[in-house]
Amino acid sequence: MSNSQKKAQVGVIGLAVMGSNLARNFAHHGHTVAVFNRTTSKTEAFIQEHGTEGEFIPATTMADFVAALERPRRAIIMVQAGAGTDAVISQLADLMEPGDIIVDGGNALYTDTIRREKEISARGLHFVGAGISGGEEGALNGPSIMPGGTVESYESLGPLLESIAAVVDGTPCCTHIGPDGAGHFVKMVHNGIEYADMQVIGEAYHLLRYAAGLEPQEISEIFREWNQGDLDSYLIGITAEVLAQVDAKTGKPLIDVIVDAAGQKGTGRWTVKDALDLGIPTTGIGEAVFARALSGARTQRAAAKGNLPAGELNNLEKLNISRADFVEDVRRALYASKLVAYAQGFDEIIAGSKKYEWNVDPRDLATIWRGGCIIRAHFLNRIVEAYNDNPEVESLLLAPYFTKEMGDSIDSWRRVVVAATQLGLPIPVFASSLSYYDSLRAARLPAALIQGQRDFFGAHTYERIDLPGHFHTLWSGDRTEVEA
Ligand code: ATR
């Protein structure tokens with residue numbers, strides 16, 4: 001129902017799927033919601049379809065939209081990231097008054113959010129970059145929300161956002177993350193972790209299908225079973241659903257008629273670029289992003305298919321591995337690789353928070369990611385416990401629960417990596433995560449040799465294990481060592 005007398009507690013700009021669902025979610029929770037879309041016909045269509053679900057105030061101009069909001073005004077922008085966002089922010093800022101709050105709920109790059117926050121706060125307004133996860137369904141029924149911005153803006157905005165967020169054990173999946181770009185930064189890493197999580201599930205499926213020779217329907221059952229244990233999560237649940245789906249057109253499993261080229265919108269890539277800048281080895285996320293890129297290199301793959309030698313391949317029987325044992329090994333390899341990816345993602349969040357002085361509490365993230373978002377999972381409670389036990393833990397893998405899981409999984413994980421290699425099946429995240437793990441726990445790394453090489457060709461110097469200082473060997477001279 002539209003109502004022109006009443007003021008709205010919140011406004012949503014941009015009525016594509018995410019914006020519409022978010023506006024409806026607010027209305028379902030008893031808030032009056034002003035709605036506006038650049039193309040008015042979309043606003044009309046929205047009211048036509050959903051106007052009876054709650055109190056909406058449709059606006060045909062930005063000025064009407066702003067006038068419809070109670071003060072301090074709270075406007076959430078849900079338009080295409082990039083130029084669209086900048087255009088809307090500038091129009092809004094011209095119409096708003098000091099103390100009003102502009103929220104960008106899209107997937108903005110956090111450095112853009114930092115820039116925008118500076119510009120907008122200089123005009124006396126609040127700018128909040130809020131990561132919103134959960135896809136269409138989450139936006140409608142309860143997303144996980146990661147707002148950045150000032151503490152003051154959260155005082156006004158927080159209760160409103162918390163009222164529409166998912167709730168787990170009585171706690172809303174929304175909390176103030178930290179200043180300026182903090183919210184969008186953690187949303188970015190959340191998406192990166194999501195890439196890795198999806199890829200390890202993909203690798204497990206691929207092995208069960210092409211190493212163990214199981215049918216999609218059988219694998220669906222296995223995932224359903226796995227979803228009862230440590231792996232209990234949204235992504236494992238939907239995997240079981242996708243694998244059980246039969247294509248109506250052909251009668252084949254749907255998975256077999258879907259083109260095996262994965263799309264991406266960019267947040268995974270951003271996570272990796274940033275990890276490179278921060279010097280944090282998020283190898284799981286990196287391999288997952290590259291795996292999508294490789295899957296999409298369709299002409300290159302077509303040229304290589306059948307034309308690159310595979311060498312002598314094995315099968316499970318020749319490797320003397322029973323199917324039942326292999327399934328359990330794959331489950332453990334999946335869990336271990338997943339834990340590595342999360343540990344790396346949290347390393348990146350901690351490093352980003354330090355760099356920008358955001359003071360992000362990693363426990364908050366593990367808490368608000370338990371519901372609403374795509375990576376929601378039971379085991380996130382373990383991350384909260386790990387940081388509760390020791391906020392300074394050097395790596396999540398060193399927290400007691402994680403270390404124990406690694407110990408319980410390591411033999412299976414190694415067997416799976418060996419078997420996949422001998423079968424010629426790609427497992428970029430399983431294998432690279434194992435290498436990361438072995439690197440992390442290694443007594444010595446070949447980095448000593450790299451330092452020697454760097455000193456040889458570039459006089460970059462090296463440190464010694466037995467003496468303080470930096471040293472250089474006179475490689476082109478008499479090869480004695482000098483202190484640098
Ligand atoms: P989705 O992926 O959910 O479909 P999107 O592409 O991220 O959505 O965003 C689409 C929304 O951004 C639409 O509401 C669109 O408005 P129109 O319906 O008028 O196209 C809005 N949008 C994109 N660019 C915009 C701009 N420069 N100014 C205002 N709104 C813009």
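A crossing of two helices is right-handed if the near helix is turned clockwise from the far one by less than a right angle. By that rule, α4 passes α5 in a right-handed crossing. The model shown here is predicted.

**Ligand site**

- The shell around the ligand includes G14, L15, A16 and V17.
- N37, R38, T39 and K42 also belong to the residues around the ligand.
- By type, the shell residues divide into five nonpolar, five polar and two charged.
- N37 has a polar side-chain atom 2.7 Å from an oxygen atom of the ligand.
- For R38, a polar side-chain atom lies 2.9 Å from a ligand oxygen atom.
- For K42, the distance from a polar side-chain atom to an oxygen atom of the ligand is 2.8 Å.
- The ligand exposes 650 Å² when taken alone, and the protein buries 71% of that.

**Helix packing**

- Two packed helices are described by the angle between their axes and the distance between the axes.
- Helix α4 spans residues 83-95, and helix α5 spans residues 110-121.
- The two pack at an angle of about 15 degrees, with their axes 12 Å apart.
- Angles under 35 degrees count as roughly parallel, so α4 is roughly parallel to α5.
- Helix α12 covers residues 283-296 and packs against α18 at an angle of about 155 degrees.
- The axes of α12 and α18 are 9 Å apart.
- Angles over 145 degrees count as roughly antiparallel, so α12 is roughly antiparallel to α18.
- α12 passes α18 in a right-handed crossing.
- Helix α18 (residues 428-440) also packs with helix α17 (residues 400-423).
- Here the angle is about 130 degrees, and the axes lie 11 Å apart.
- α17 and α18 are therefore oblique to each other.
- The crossing of α17 past α18 is left-handed.

**Backbone details**

- Most residues other than glycine have a negative phi, and most peptide bonds are trans.
- A cis peptide bond links R71 to P72, with omega at about -5 degrees.
- P72 sits in the loop between α3 (62-67) and β4 (74-77).
- D169 has a positive phi, near 50 degrees, and is a residue other than glycine.
- The loop between β8 (167-168) and β9 (171-172) holds D169.

How values were computed. Residues are numbered from 1 along each chain as its sequence is written. This is a predicted model: local features need pLDDT of at least 70, side-chain atom pairs count only at pLDDT 80 or more; totals for chains, interfaces and linings use all residues. Side-chain values use heavy atoms; hydrogens and water are left out. A residue is near a molecule or strand if one of its heavy atoms lies within 4 Å of it. A polar contact is a pair of N or O atoms within 3.5 Å; within protein, one must be able to donate a hydrogen and the other to accept it, and residues adjacent in sequence count only if both atoms are side-chain atoms. Accessible areas come from the Shrake-Rupley method with a 1.4 Å probe; for residues, only the protein chains shown count as cover. Ala, Val, Leu, Ile, Met, Phe, Trp, Tyr, Cys and Pro count as nonpolar, Asp, Glu, Lys and Arg as charged, and the others, Gly among them, as polar. Axes are lines fitted to C-alpha atoms, for helices over the stretch in contact, and angles run from 0 to 180 degrees between N-to-C directions. Helices (H or I, at least four residues) and strands (E, at least two) are DSSP runs, numbered from the N terminus. Angles under 35 degrees count as roughly parallel, over 145 as roughly antiparallel, 65 to 115 as roughly perpendicular and the rest as oblique.
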